[in-house]
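Please look through the structure shown below before reading on. The paragraphs that follow take it one part at a time.

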Amino acid sequence: MDELATRRRFLSRLSIGLSVLAGAVMSVPIVAYLLSPLIHPVRNVWRDVGWVDDFKVGDTAQVAFQEPSPLPWAGQTAKTAMWLRRTGETGFTAFAVTCTHLGCPVSWQAQARLFLCPCHGGVYYADGRVAAGPPPRPLPQYDVRIQGGRVEIMTQPLAVVRKEAG
Amino acid sequence: MRLLRQAYRWHDRLGISSTILPIVEHPVPRTNWWYVFGSATLVAFVVQVITGVALAFSYVPAPNSAADSLQFITHEAVLGSVVRGIHYWGASAMVVLIAIHMARTFLMGSYKFPRELNWLSGALLFILTLGMAFSGQLLRWDQDAYWAVVVAAAQAARVPLIGEVFAQILVAGQTVGGATLTRFYATHVFLFPALMFMLIGVHLYLVIRHGISEPPQPGDPVDRASYRQRYADLLRREGIPFWPDAAWKDVVFALAVGSIVLLLSIVPGPPELGKPADPTIVPADPRPDWYFLWYFALLALLPASVEDWFIVGFPLLMGLFLLALPFLAPSGERSAERRPWATAIVGLSGLAVVVLVWEGHMAPWSPALDVGPLPETVTGHLTGDTATGAQLFDAKGCHACHAIAGGGGRRGPDLTEVGSRLSRDQLVSRTLNGGRNMPAYGAALQPDETNALVAFLEQLR
């Protein structure tokens with residue numbers, strides 16, 4: 001009788017153990033596959049956004065550029081917008097359009113010289129400093145450089161998913 | 001008829017008369033109309049599954065096609081607009097029904113011994129229902145949906161330590177793009193429904209196992225030692241078969257809700273399809289569907305100093321409260337008449353949600369960018385500097401935050417009579433330097449523009 005009990009205990013542990021093992025083995029590829037965007041982050045690249053002289057000194061304009069490696073079915077979401085401000089002959093500042101409060105898209109009001117957020121009323125000055133409302137930080141910026149008379153910006157992850165944003 | 005009876009006898013190989021019948025005819029206490037919301041939620045879920053499967057026959061979960069497939073469903077497929085309408089209004093119905101069912105269960109103390117697990121499985125179903133509501137509105141993949149993902153990621157990113165990873169898992173990478181929509185699609189149509197089917201199975205099993213809670217009587221507390229025996233005695237004394245004596249109320253109510261959903265899905269029908277998601281069209285005015293407007297409003301009204309804590313803490317505390325409730329008060333009084341705190345919690349939460357949904361709808365904290373020019377009654381008699389000032393008031397966006405004579409934004413103070421409140425110097429100083437929640441306009445105004453604007457404001461009395 002004792003032998004039977006031991007045998008049963010062994011068989012039930014064996015069955016449960018094998019099932020758990022099978023589940024664990026199966027979940028490795030599944031979890032890795034689901035996390036692949038984190039395991040293989042995209043490499044950010046410089047993107048051309050136009051001639052230097054396309055932009056007037058003192059003006060802020062919206063420009064769009066292609067994400068570093070969009071999926072073929074990304075459609076319009078393959079692109080991202082940003083606000084590009086020409087501060088001098090060779091000086092440019094590029095702002096993310098995402099409000100630092102919760103990420104809604106800020107719009108440039110040329111006459112008022114302010115960025116306004118439509119969601120919770122965040123306001124920023126032309127240089128990205130917070131002017132009013134709930135945003136905790138200035139507008140995040142992109143790196144800008146000039147190459148052969150063309151303005152280029154360095155792509156970056158969506159500002160709101162980065163800790164160091166702003 | 002004879003054929004039917006024969007078929008039934010043959011079918012009894014399924015064990016209908018020995019297994020299923022006793023379950024559907026099991027005795028239940030005499031209940032009232034407050035007990036119909038759980039079954040109605042289940043019916044709403046089934047309707048969502050059926051219409052959801054139907055929609056999936058045509059919907060293409062890719063950013064380059066989602067909008068076109070939705071146009072097809074809404075405007076070309078036969079009765080597609082009604083199917084989309086049922087799915088949309090059914091979602092609203094399900095959110096309302098599960099919320100009322102939950103409030104009812106809480107108010108009547110039905111979560112107490114021995115039904116703690118009924119509550120826990122129900123609480124998880126409530127959270128999943130909200131998850132379905134959120135992921136569902138994203139599948140419309142319009143501007144609102146795109147920015148809702150960004151806003152959700154921004155909130156996820158505020159979680160300490162794992163926030164960044166959490167946000168990236170949510171959007172499937174570093175930016176919202178092709179992988180994001182398929183992620184929410186798979187979650188909405190496979191992952192969450194599978195979990196819900198499982199939990200609904202557990203929930204229903206538990207309802208049968210522990211029986212429907214009897215309507216509570218004040219002064220008749222739940223006592224663990226004696227409850228089961230007293231419940232069994234009650235059923236023997238005055239129990240009625242669930243089917244059809246009690247179930248007819250469920251059927252009538254579910255039919256009523258279903259009819260309302262069907263009517264709404266025809267008139268007004270599903271919501272108009274917005275502009276397809278396009279991150280390069282920045283002027284957008286994203287709003288969540290109504291069931292999240294209250295949260296949208298809360299995030300606008302909170303003081304900035306507590307925001308980080310709130311964004312992480314509030315959902316966590318709500319979840320913890322729901323899961324801890326049956327352990328915090330597993331026995332004792334069930335009647336709402338003897339539980340003032342429970343009544344207050346439900347009453348105040350309900351009131352808060354209604355008020356906040358309204359506030360979120362009005363969004364007085366947002367500058368009214370679409371506001372028109374000042375009315376003739378304000379500007380008609382103006383000349384020279386004051387007329388220029390009035391034009392500047394429109395052009396520089398002042399009107400977007402300040403109302404004059406009834407029109408304009410409500411973000412800042414109404415300026416209809418500001419000339420009698422503030423002196424010229426005060427007006428100049430506020431305009432140039434800003435104030436509490438007003439931007440400084442020093443850099444945006446030339447000296448003569450400032451003079452004109454202030455002259456206009458001064459004569460507003």
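Where in chain B does B:Pro114 lie? The model is a predicted one, and in it B:Pro114 sits in the loop between helix 5 and helix 6 (116-138) of chain B. B:Pro244, however, is placed in helix 11 of chain B. Another backbone feature belongs to B:Trp141, a residue other than glycine with a positive phi, near 45°. B:Trp141 is found in the loop between helix 6 and helix 7 (143-156) of chain B.

Now consider chain B as a whole. Its secondary structure consists of 20 helices and two strands. The radius of gyration of chain B is 29 Å, while the globule rule gives 23 Å for 461 residues; the value is well over the rule, so chain B is more spread out than a compact globule. Taken along the principal axes, the C-alpha atoms of chain B fill a box of roughly 95 × 55 × 45 Å. The chain is divided into domain 1 (23-362) and domain 2 (376-458). Between the C-alpha centres of these two domains of chain B there are 46 Å.

Sorted by class, the contact of helix 3 of chain B with helix 5 of chain B has 15 nonpolar, eight polar and two charged residues.

Helix 3 of chain B also meets helix 9 (residues 178-210) of chain B; the two axes come within 12 Å and cross at roughly 155°. This angle makes helix 3 of chain B roughly antiparallel to helix 9 of chain B. The crossing of helix 3 and helix 9 of chain B is left-handed. On the side of helix 3 of chain B, the residues that meet helix 9 are B:Leu42, B:Phe45, B:Val49, B:Gly52 and B:Ala56. Helix 9 of chain B contributes B:Val189, B:Pro193, B:Met196 and B:Ile200. The residues of this contact between helix 3 and helix 9 of chain B comprise eight nonpolar, one polar and no charged.

Helix 5 (residues 80-107) of chain B has a further partner in helix 11 (residues 242-266) of chain B. How do the axes of helix 5 and helix 11 of chain B cross, and within what distance do they come? They come within 8 Å and cross at roughly 130°. That angle makes helix 5 of chain B oblique to helix 11 of chain B. The crossing of helix 5 and helix 11 of chain B is right-handed. From helix 5 of chain B, the contact involves B:Val82, B:Gly85, B:Ile86, B:Trp89, B:Gly90 and B:Ala93. From helix 11 of chain B come B:Val257, B:Val261, B:Leu262, B:Leu264, B:Ser265 and B:Ile266. Nine of the residues in this contact of helix 5 with helix 11 of chain B are nonpolar, three are polar and none is charged.

Next comes chain A. It contains two helices and eleven strands, and along the sequence the order is α-α-β-β-β-β-β-β-β-β-β-β-β. Chain A has a radius of gyration of 26 Å, well over the 15 Å that the globule rule gives for 166 residues, so it is more spread out than a compact globule. The C-alpha trace of chain A spans about 95 × 40 × 25 Å along its principal axes. The domain assignment gives domain 1 (2-39) and domain 2 (46-161) in chain A, and the C-alpha centres of these domains lie 50 Å apart.

Finally, how many residues of chain A are in contact with chain B? There are 48 residues of chain A in contact with 53 residues of chain B. Elements of chain A that each supply at least two residues to this side include helix 2 (36-39), strand 2 (60-66) and strand 5 (107-109). The largest share, three residues, comes from strand 3 of chain A. By class, the side of chain A that touches chain B has 30 nonpolar, 13 polar and five charged residues.

Definitions and conventions: Residues numbered from 1 in each chain as written. Chains lettered and ligands numbered in written order. Predicted model: local features only at pLDDT ≥ 70, side-chain atom pairs only at ≥ 80, totals over all residues. Domains from an automatic or database assignment. Axes fitted to C-alpha atoms, helices over the stretch in contact; angles between N-to-C directions. Helix = DSSP H or I, 4+ residues; strand = E, 2+ residues; numbered from the N terminus. Parallel < 35°, antiparallel > 145°, perpendicular 65-115°, else oblique. Left-handed = near helix turned anticlockwise from the far one by under 90°. Contact = placed C-beta atoms within 7 Å. Nonpolar A, V, L, I, M, F, W, Y, C, P; charged D, E, K, R; others polar. Rg over C-alpha atoms; globule rule 2.2 N^0.38 Å.
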